[in-house]
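The exercises below are meant to be worked through with the sequence and the model open side by side. Each one sets a task and then gives a solution in steps.

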Amino acid sequence: IGVGLFLGSATAIQLAGPSIILGYVLAGLVAFIVLRALGEMAVHEPVAGSFAHYAGKYMSPLAGYLVGWGYWTYWVVVGLAEVTAVGMYMSLWFPDVPQWIWALASIVCMGGINFVAVKVFGEFEFWFSLIKVVAIVTMIGMGLGMIFFGMGNGGEPIGVANLWQHGGIFPNGAEGFLLSLQMVLFAYVGIEMIGLSAGEAENPSKTIPMAIDSLAWRILIFYVGALFVILSIFPWHEVGSTGSPFVSMFESMGLREAAGVINFVVITAALSSCNAGIFSGGRLLLGLSRVGNAPKALGDLSSEGVPYKAIIFTVIFPTLGVALNYFVPEKAFQWITAAVTLIGLLVWIAILVTQICFRKHLSKKQIGDLSYKAVGWPYASWFAIGFVFFVIGLMWYSDLTRMGFYVGPPILILLTVFYFAFGLHKKDRRA
């Protein structure tokens with residue numbers, strides 16, 4: 001649950017209207033299929049590097065290299081975006097403090113947390129997550145009270161007629177709904193990092209399936225539930241006209257300091273994402289170093305088992321975001337986020353294709369013995385691949401997201417050049 005839900009959902013609502021709820025359900029289904037495909041491999045073989053390792057083993061060494069470094073680049077870019085978001089929203093409280101100072105402080109603090117034991121990282125993520133969850137659950141609870149019992153509305157239930165009274169469920173037609181899918185799917189990109197924790201989980205055969213299977217009700221509550229409440233209380237064309245739809249909700253409930261509260265929640269959400277990005281980047285480099293696709297030194301561990309050199313390397317690059325915040329603070333967030341989505345979606349496709357190749361490497365008996373399996377095999381996997389490719393096509397169609405194609409493919413081409421230039425292709429790294 002990141003900035004995409006608290007702020008980005010407003011833009012998606014303006015495109016799709018009430019049908020955005022269907023969009024979150026559909027994209028959530030695809031996200032669940034991706035995670036179950038990843039979970040099948042992670043439970044069978046819990047290793048550092050996760051899907052980058054699997055791509056190298058079951059597809060090709062080059063695929064593993066590109067997935068690993070591509071996803072590391074993704075999290076570096078996310079880190080840039082998140083520290084930029086922190087700088088933007090801290091400026092609302094401290095307008096006289098330059099935005100770049102907050103961005104720098106954020107990356108230094110989150111990097112420091114990741115240097116300690118992974119248990120400390122988990123503790124911080126617990127509290128970061130709790131803040132987001134409490135805010136959303138409170139809003140949903142109070143909103144349902146307004147909808148069905150008239151709480152805060154003089155005892156007059158608001159009902160759910162706003163879902164179809166203002167131009168219908170698809171007020172902007174099929175085009176508006178389809179164009180919103182790219183923003184909706186972006187809200188879920190990042191959940192695949194759960195696979196990176198398998199190598200350090202105490203009991204991955206139990207904890208990984210538990211976390212993945214709980215995704216269904218988390219999507220229904222935090223995404224679908226929140227948007228159902230917001231779009232039932234407000235006409236869709238009024239949502240987000242003055243900022244975050246969550247601010248509008250809390251203000252309608254009589255909370256005068258709603259903007260400040262949501263500002264705080266958004267800042268913690270951005271810090272949480274940055275924190276998770278550093279964690280993911282460090283584990284990816286650890287896995288890449290162990291198969292020779294990254295310098296061997298990046299595989300060094302501290303006494304607490306933390307890949308500290310890989311984390312240092314990962315932290316260095318988001319600090320470039322500080323420079324963007326210094327030179328172009330008003331454009332930094334837009335430039336950075338435009339580069340993220342395409343890379344993340346390509347990683348989803350890689351996970352699904354890798355899982356198909358993984359199945360081909362197993363005998364019928366081995367497949368039958370899998371303790372945790374992908375859902376709807378093989379039709380669900382092919383459906384998800386087709387859906388993600390369709391959304392990528394929509395990204396090219398839209399002027400707002402076409403910039404991703406000017407950044408993502410060149411990064412992959414550059415990585416491929418490095419792969420051959422440094423002779424990494426001469427050694428077969430498949431296990």
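Gly-254, the glycine that follows helix 10, has a positive phi, near 95 degrees; helices here are DSSP runs of H or I with at least four residues, strands are runs of E with at least two, and both are numbered from the N terminus. The model is predicted, so that local features need pLDDT of at least 70 and side-chain atom pairs count only at pLDDT 80 or more, while totals for chains, interfaces and linings use all residues. Residues are numbered from 1 along each chain as its sequence is written, and side-chain values use heavy atoms, with hydrogens and water left out.

**Exercise 1. Determine how much of helix 10 is covered, and which of its residues are buried.**

Solution. Start with the criterion: buried means under 20% relative accessible area, exposed means over 50%, and partly exposed lies in between, with a 1.4 Å probe and protein chains only. By this criterion helix 10, residues 245–252, is mostly covered, since six of its eight residues are buried. The buried residues are Pro-245, Phe-246, Val-247, Ser-248, Met-249 and Phe-250.

**Exercise 2. Describe helix 11 by its span, its burial and the residue that follows it.**

Solution. First take the expected span of a helix, which is 1.5 Å times one less than its number of residues. Helix 11 has 33 residues and reaches 48 Å from its first C-alpha to its last, close to the 48 Å expected. Next, consider burial: 28 of the 33 residues of helix 11 are buried, and the helix is mostly covered. Finally, helix 11 is followed by Gly-292, whose phi is positive, near 85 degrees.

**Exercise 3. Carry out the span check for helix 6, then list its buried residues.**

Solution. The 32 residues of helix 6 should span 46 Å at 1.5 Å a residue, and because its end C-alpha atoms are 45 Å apart, the two values agree. The buried residues of helix 6 are Phe-121, Glu-125, Phe-128, Lys-132, Ala-135, Ile-136, Met-139, Ile-140, Gly-143, Gly-145, Met-146 and Ile-147. As background for reading such a list, an α-helix has 3.6 residues a turn, so residues three or four places apart point the same way. Gly-150, with a positive phi near 75 degrees, follows helix 6.

**Exercise 4. Find the cavities of 30 Å³ or more and describe their linings.**

Solution. A cavity is a set of points, on a 1 Å grid over the protein atoms alone, where a 1.4 Å probe fits but cannot get out, and its lining residues have an atom within 4 Å of a point. Grid points are joined across faces, edges and corners, and a volume is the space filled by probe spheres set on the points. The count comes to two cavities of 30 Å³ or more.

The largest cavity holds about 40 Å³ of space, and its lining includes Trp-75, Ile-107, Cys-274 and Pro-318. Helix 4 (61–93) and helix 11 (258–290) each supply at least two residues of that lining.

The second largest cavity holds about 30 Å³ of space. Its lining residues are Asn-114, Val-116, Ala-117, Val-118, Phe-121, Phe-279, Arg-283 and Val-306. Helix 6 (118–149) and helix 11 are the elements that give two or more residues to this lining.

**Exercise 5. Is Met-193 buried or exposed, and which residues does it touch?**

Solution. Met-193 lies in the loop between helix 7 (173–188) and helix 8 (204–213). Because its relative accessibility is 17%, Met-193 counts as buried. Contact means heavy atoms within 4.5 Å, and, leaving aside neighbours within four places in sequence, Met-193 is in contact with Tyr-71, Trp-75, Ala-276, Phe-279 and Ser-280. The C-alpha atoms of Met-193 and Gly-281 are separated by 9.7 Å, although these residues are 88 residues apart along the chain.

Note on methods. On a 1 Å grid over the protein atoms alone, a cavity is a set of points where a 1.4 Å probe fits but cannot get out, and a pocket is an open set with protein on both sides within 12 Å along at least five of seven lines; lining residues have an atom within 4 Å of a point.
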